[in-house]
Amino acid sequence: MKLTVLGCYAATPRTFTNPTSQVLEIGGQLFLIDCGEGTQVELRRNKVKFSRIKHVFISHLHGDHFYGLVGLVSTFRLLNRESELHIYVPKGIKEIITLQLKLANSWTNFPLFFHELGSRSPQILLDDKKVSVETIPLDHRIYTNGFLFKEKAGDRKLLMDKVLNYDIDVVYYRGIKKGKDAVLDDGRVVPNKELTGDPDPPKSYAFCSDTKYYPEIIRQIKGVTVLYHEATFLEEHASLAGSTKHSTAREAALIAKEAGVGTLVLGHYSTRYENLSLFQAQAEEVFGRVLLADDGKIFSFR
Ligand SMILES: [Zn+2]
Ligand SMILES: [Zn+2]
């Protein structure tokens with residue numbers, strides 16, 4: 001599982017910082033999460049292939065989370081994209097984007113699907129053989145969802161040094177990886193556990209931005225491999241966090257601790273702060289495994 005942070009600052013773009021956008025690679029698929037201004041440039045800078053993006057998830061309709069979307073859709077058109085693009089968004093974006101395309105007389109030449117969201121309960125958005133995605137309803141000034149990405153358990157791993165001890169035709173490897181015993185030509189049975197090892201434990205990723213401190217999400221994100229949680233403010237501005245329905249680094253850490261997550265990644269910092277290390281320090285008073293997102297940072301989780 002790999003997370004590429006394209007932008008992780010609140011509110012306005014600046015010379016060296018971008019509003020929210022990130023790319024998650026999980027279960028062999030690539031997902032774009034939020035699409036603030038500058039997303040296209042950062043995709044290029046980070047060498048993410050545009051054609052691999054088939055699903056875009058937008059948390060809410062504040063500009064720092066989706067103002068890059070129409071630009072990206074327009075670029076896909078100019079690149080002669082043919083494959084489907086699915087956009088999961090709060091109700092309203094379809095109207096905004098289609099109006100922009102209409103006024104520019106620039107309809108897409110590829111199938112564009114809007115999946116408009118309005119539910120206040122978790123909803124499954126995507127569920128295939130390798131991964132599922134569901135909404136995490138959050139509490140912010142407007143209707144907002146986080147997203148929970150869950151990898152499914154993979155096949156068992158062939159222990160090739162053991163397999164090669166027997167005369168097993170390669171056509172049976174697939175079945176063995178699925179858990180079958182091997183039957184040799186002379187009728188002997190080799191138990192599966194002798195030939196395979198456990199698959200890697202499935203990974204999961206919870207993206208929670210923007211939101212006030214909202215313990216209701218803990219049950220849903222319990223034990224995730226990685227939690228990305230917004231931390232817009234430091235403790236000195238806790239009252240601002242309350243009035244703007246954002247979180248402090250400490251509050252993000254409380255959620256991480258209660259949910260027993262593997263790693264907490266902080267982001268969505270207010271641009272008023274120069275020194276991000278204070279976010280880490282304040283979170284670490286509560287929870288031990290804290291990483292700071294920053295634009296252009298790539299995290300790999302094994
Ligand atoms: Zn925001
Ligand atoms: Zn917001």
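Helices α10 and α11 are oblique to each other, because they pack at an angle of about 45°. Oblique here is what remains once angles under 35 degrees (roughly parallel), over 145 (roughly antiparallel) and 65 to 115 (roughly perpendicular) are set aside. This is a predicted model, in which local features need pLDDT of at least 70 and side-chain atom pairs count only at pLDDT 80 or more, while totals for chains, interfaces and linings use all residues. Residues are numbered from 1 along each chain as its sequence is written, chains are lettered from A and ligands numbered from 1 in the order in which they are written, and side-chain values use heavy atoms, with hydrogens and water left out.

**Helix pairs**

The axes of α10 and α11 lie 8 Å apart. Axes are lines fitted to C-alpha atoms, for helices over the stretch in contact, and angles run from 0 to 180 degrees between N-to-C directions. Helices are DSSP runs (H or I, at least four residues), as are strands (E, at least two), numbered from the N terminus. α10 passes α11 in a right-handed crossing. Right-handed means that the near helix is turned clockwise from the far one by less than a right angle; anticlockwise is left-handed. Ala249, Arg250 and Ala253 of α10 meet Phe279, Gln282 and Ala283 of α11. Contact means heavy atoms within 4.5 Å. By class, this contact has four nonpolar, one polar and one charged residues. Nonpolar covers Ala, Val, Leu, Ile, Met, Phe, Trp, Tyr, Cys and Pro; charged covers Asp, Glu, Lys and Arg; the others, Gly among them, are polar.

A second pair is α3 (residues 69-78) with α4 (residues 93-103), at about 50° and with axes 10 Å apart. That angle makes α3 oblique to α4. This crossing, too, is right-handed. From α3, the contact uses Leu69, Val70 and Val73; from α4, Ile93, Ile97, Gln100 and Leu101. Six of these residues are nonpolar, one is polar and none is charged.

**The zinc ions**

Donors are N, O and S atoms within 2.8 Å of the metal (3.2 Å for Na, K and Ca); water is not among the atoms, so sites may look incomplete.

| Zinc ion | Protein donors | Distance |
|---|---|---|
| ligand 1 | Asp64 (OD), His65 (NE2), Asp210 (OD), His268 (NE2) | 2.1 to 2.3 Å |
| ligand 2 | His60 (NE2), His62 (ND1), His140 (NE2), Asp210 (OD) | 2.2 to 2.4 Å |

Around ligand 1 the four donor atoms subtend angles of 91 to 164°, so the arrangement is irregular. Around ligand 2 the angles run from 90 to 172°, which makes that arrangement irregular as well. Four donors are tetrahedral if all angles lie between 85 and 135 degrees; four are square planar and six octahedral if opposite donors are over 155 degrees apart and all others between 65 and 115; anything else is irregular.

The donor spacing in sequence is D-H-x144-D-x57-H for ligand 1. His65 in helix α2 and His268 in the loop between β16 (263-267) and α11 (277-284) are 203 residues apart, linking distant parts of the chain. For ligand 2 the spacing is H-x1-H-x77-H-x69-D. His60 sits in the loop between β4 (55-57) and α2 (63-66), and His140 in the loop between β8 (131-137) and β9 (145-151), 80 residues apart.

Asp210 coordinates both zinc ions, which are 3.5 Å apart. Asp210 is in the loop between β14 (204-208) and α8 (218-221). The peptide bond from Ser209 to Asp210 is cis, with omega near -5°.

Lys245 has phi near 55°, a positive value in a residue other than glycine. Lys245 lies in the loop between α9 (238-244) and α10 (249-259).
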